[in-house]
Amino acid sequence: AVSASLAVSASLAVSASLAVSASLAVFASLASNTGCGAMTDAHDETSDFAASIYDLPDTILKGIYAYGFETMSPIQQKSLRWILGGRDMIIQAQSGTGKTAAFGIGAAVRALASERGRPSVAIVCHTRELARQTHVVVGELARFSELRVGLCMGGTTVREDTEALAAGMDIVVGTPGRMQTLVKRGLLRLDGLRSLVIDEVDVILRDVSSNSFLPCITDLLSACSEATQLLLVSATVPDELLAMTETVLRDPVKILVPNDALPLAGIDQAQIHVADEAQRLAIAEALRYSVVGVQVMVFCSSRDEVDAVAAHFQAMGTPVAKIHSGIEQAQRNREMREFRSGKASTMVCTDVLARGVDVQQVGLVILMHVPTAADTYLHCVGRCGRYGRQGRAVTIAAEYELTQLRSIQQLYDLELPVRSL
């Protein structure tokens, strides 16, 4: 694994495509030492968290109930026993159905049964906002235990992470780049890891030419032992990711959802056409003020558009938060707090918030443009209608975007009626 990792580093210096191939070689190397069996399907279990089949510790049960869960969601029913049993898994379920709680409960239980003071479970998230949210959820689930749940991500100093790790950490939640840095400096050891969770795995393992996550994950996997359980989680699982799992995972349990079952039934999805670009903002404004009593997310295609749309709504007297990758982390944290608390009724953002971020009061999603990636559409829409609630999503499309929108509709078997204001 070490030599393969060095090969990856060398390949990265040459070309992005070679890096992908080398990374896949690392995955294959890790799996070949332990044997990779055929994928098996998961079976439904009882929805009672306290059922003897799960044998959850009282401290974790108390955290589950205190967090507000009463019975398991379908994805929790299907996955929890396998997670607790240490099986490698690929877990797919629609947005807002409880995936984070599923692997969060599993992480807490497996960490409780491990040596304390050093991470026995690591959870990797692709954005700081998702990492922060996951850290809160897992921390709440483990709050009545003695587990220490830490957060290691960009936007903070490595020194802070070093001190937190030295003080003792049982579960670490973090972003790929920061965790890679800590591993390379010898500050975070993963050789004793019982479970590695990669959330939003499809975006993390995308082509290295579009992001730097793939080499980060390669280094993290290389630092793990052959016995480490690997959990790959996402709402969307493209075919190329499934092909990769044949070498990554050992005799895995897979929970997959057909494409035509992915769009959430409780979300009213529609499209509005524009003849010129100037109309987009006027339509977004009309849509925003067509609803009351709910929070709204407006997804833009660029940082500049986020700034312009947010400034427009602010001039209209609307309490607005905005987030894109060009905003400093401390400010991003403040903006997110304002939106979560309801002080800001509207969040204007790029697709950096399209995945995983859970604000249950969101009732309307506005897409200023048709996303270039089909799965991004599903993730944006999935920010509303959380946990079975009703929601509404409207895509504003110019003529040149209609071909892409039709391909998204065909891929996910979507009905998107054309509406006007």
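This is a predicted model: local features need pLDDT of at least 70, side-chain atom pairs count only at pLDDT 80 or more; totals for chains, interfaces and linings use all residues.
Two packed helices are described by the angle between their axes and the distance between the axes. The table gives both values for each pair.

| Helix pair | Residues | Angle between axes | Axis distance |
|---|---|---|---|
| α3 and α5 | 58-67 and 99-112 | about 160 degrees | 10 Å |
| α12 and α13 | 278-288 and 303-315 | about 50 degrees | 11 Å |

**Helices α3 and α5**

Helix α3 packs against helix α5 at about 160 degrees. Angles over 145 degrees count as roughly antiparallel, so α3 is roughly antiparallel to α5. Their crossing is right-handed. On the α3 side, the contact is made by Thr59, Ile60 and Ile64. Helix α5 contributes Ile105, Ala108, Val109 and Leu112. By class, this contact has 6 nonpolar residues and 1 polar residue. It has no charged residues.

**Helices α12 and α13**

Helix α12 packs against helix α13 at about 50 degrees. The two helices are therefore oblique to each other. The crossing of α12 and α13 is right-handed. In α12, the contact residues are Leu281, Ala284, Glu285 and Arg288. They meet Val309, His312 and Phe313 in α13. By class, the contact of α12 with α13 has 4 nonpolar, 1 polar and 2 charged residues.

Notes:
Residues are numbered from 1 along each chain as its sequence is written. Side-chain values use heavy atoms; hydrogens and water are left out. Axes are lines fitted to C-alpha atoms, for helices over the stretch in contact, and angles run from 0 to 180 degrees between N-to-C directions. Helices (H or I, at least four residues) and strands (E, at least two) are DSSP runs, numbered from the N terminus. Angles under 35 degrees count as roughly parallel, over 145 as roughly antiparallel, 65 to 115 as roughly perpendicular and the rest as oblique. A crossing is left-handed if the near helix is turned anticlockwise from the far one by less than a right angle, and right-handed if clockwise. Contact means heavy atoms within 4.5 Å. Ala, Val, Leu, Ile, Met, Phe, Trp, Tyr, Cys and Pro count as nonpolar, Asp, Glu, Lys and Arg as charged, and the others, Gly among them, as polar.
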